[in-house]
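Hello,

The structure we spoke about is below. My notes on it follow.

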Amino acid sequence: MKSNILLQIKNLTVEFSKDKSLFDIFKGNSKKTLKAINGVDLSLSKGEILGLVGESGSGKSSLIKTIVGINKIKDGKILYLGKEIDYKNRKIKKFLSKKFQVVFQDPYSSLNPSMTVFATLKEVIKFHNSELDYKAVYEKMISLLTMVGFNKDLIYRKPKSLSGGQRQRIGIARALAVEPEILLLDEPVTALDVSIQAQILNLLKDLNEKLNLTMLFVAHELSIIEFMCEKVAVMYLGEIVEFGNKNEIFRNPKHPYTKKLIESIPKLPF
Amino acid sequence: MNMSANSKILSINNLSVSFDVDKNKIIANQNISLNLNEGEVLGIVGESGSGKTVLCKSIIKLLPTPPAKYLSGEIMYNDKNILTLSDEALREIRKKEIAMIFQNPMSSFNPVRTVGSQVVENLDLKKKFSKKEAKFFGIDLLNKVGIHSPETRYDEYPHQWSGGMLQRAAIAMAIRNNPKILLADEPTTALDVTIQAQILSLLLGIQKKNNMSMILVSHDLAVVAETCDRIGVMYAGKLVEIANTQDLFKRPQHPYTVGLINSIPRINSNQKRLKSIAGTLKSVSSHTNFCPFVERCEYSNQDCYNKNVLFKEVQKNHFTLCPYPERIIFNN
């Protein structure tokens, strides 16, 4: 089933330059670098939810940022439908934003505080469908908001008068407005309360089933990954240390880090 | 667990706290009554904005007044009401009797002073330590909380330490004068899962060894389930249920607790969907007599609004605010 593979990451390495200390400058030490992602291979098939776990600093968010072209690639390549994405091409940005959309962790800082819900969504819809008139844009917006379960009476509000759950729904609606092929979810429920978290997780699962939407789901909580995903990749210090079906990984973890991770999940007593 | 009345170390009676924000009044704690027994670990769970931290900070009167305002109630410790104590007496209590650990270890240290000097800063001054002795004591403390090679680490600055290590140092700071009560306000929320497990076991180890009482505040039901003897559930400023851990999970007697338990994904359960609670938490601006959860509750009807709810004991040591706990369907 090779044709099903949407996104393929091959031997990807990303480096960040570290701050040089005064000592380094005097000694003439060359650039210090930190390997955020070190030789990662990953592939994403149409319609699947791939879970990516790891602790903070393991390179999960860096990977997402690299896919959408924010981080520079040091080595390796990313292929979309078998074709390598040329991140150096200036025109690639529109293509990237059309195919991939990101939902960020913190719904409080990922929305523009001075724009209403209406303005936020209109901007995205207009950018990708400039031929649409006002009415069509409005209709598209309403259908999006219905899809994510957002009350359409609130569209002239600004983020400050919305709750965290409502903001995250707008974040998801904004990403879906483009009709992307892949939704990259960077810890979408970490900043939310438990009861709201369940609502958003259900919503994402519904979207995956209804639209056959492909998702890369980053989280650091294993129980959420277990609920959402079929396949799981465990990241540790920039490398993928274990990859497989969730049942295999949860029942029979092979890598010591995965074992430790599973042992340390607090469990409910029943 | 000893539940007799004379083992009570702290008792909160009918506490109400409000805040004045932009001319609006928000009631953060409403008629809260609870007891803490000696050597007990009490968990407090609830969503953000439910008043957990306010309750914790009220216990050592740490809230700035204004904007905070203690409307009613008392907090009795050693036959003294903490809310009416003088600043001098309060300082003594905060130093020796009741200590607190905060959520974010990065922001609970002064970045321009060494970690070691902050850990020993408030050592009981009457003992009059010399600088050398204080350092010796500080290194011993850091050793106790599991910091490797504390001799060299002692003179480092907070930015050189990781979050988990700083939280360990914060624990060292809290236990330096052997307090009777430790208030831990989301001590592991800012940390990774593997570090969280380490910190929790460290806290519990110290608690057992010193026979301390501890209040552990968390929004994670699983964390409190693993660590606490008794759990209190808060919603919109009210304590809605309190019970022994076992009872709370086997027979929850308040719909909000049921909702919380159901909305957590569980490992190896093959759930298709999570049962979420509809609606969102709203802040409370006036005293209400009915249950705060009534708008989101699936079992509620008109009666719930008319009922003047009281915190009642449905089983031994199991209290709930729900007037109709018999309606709840909970299967496990």
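Confidence

In chain B, confidence is highest in strand E3 (residues 41-45), at a mean pLDDT of 93, and lowest in helix H11 (residues 302-306), at 79. Here pLDDT is the predictor's confidence in each residue, from 0 to 100; helices (H or I, at least four residues) and strands (E, at least two) are DSSP runs, numbered from the N terminus. This is a predicted model, in which local features need pLDDT of at least 70 and side-chain atom pairs count only at pLDDT 80 or more, while totals for chains, interfaces and linings use all residues. Residues are numbered from 1 along each chain as its sequence is written, with chains lettered from A and ligands numbered from 1 in the order in which they are written.

Chain B has a mean pLDDT of 84, and 96% of its residues reach 70 or more. Over residues 1-6 of chain B pLDDT stays under 50. Where pLDDT is low, the predicted coordinates should not be read in detail.

The sheet in chain B

Four strands form an open, antiparallel sheet in the order E2-E1-E4-E5 (chain B); strands pair if DSSP finds at least two bridges between them. Strands E2 (24-37) and E5 (80-81) of chain B are the edges. Eight bridges join E1 (residues 8-21) to E4 (residues 68-77) of chain B, and B:Ser16 stands opposite B:Ser72 in E4(B).

The contact between chains

The predictor gives the complex an ipTM of 0.71 and a pTM of 0.79. Chain A puts 29 residues into the contact and chain B 30 (C-beta atoms, placed from the backbone, within 7 Å). On the chain A side, H7(A) gives the most, with eight residues.

Regards

Definitions and conventions
Contact = placed C-beta atoms within 7 Å.
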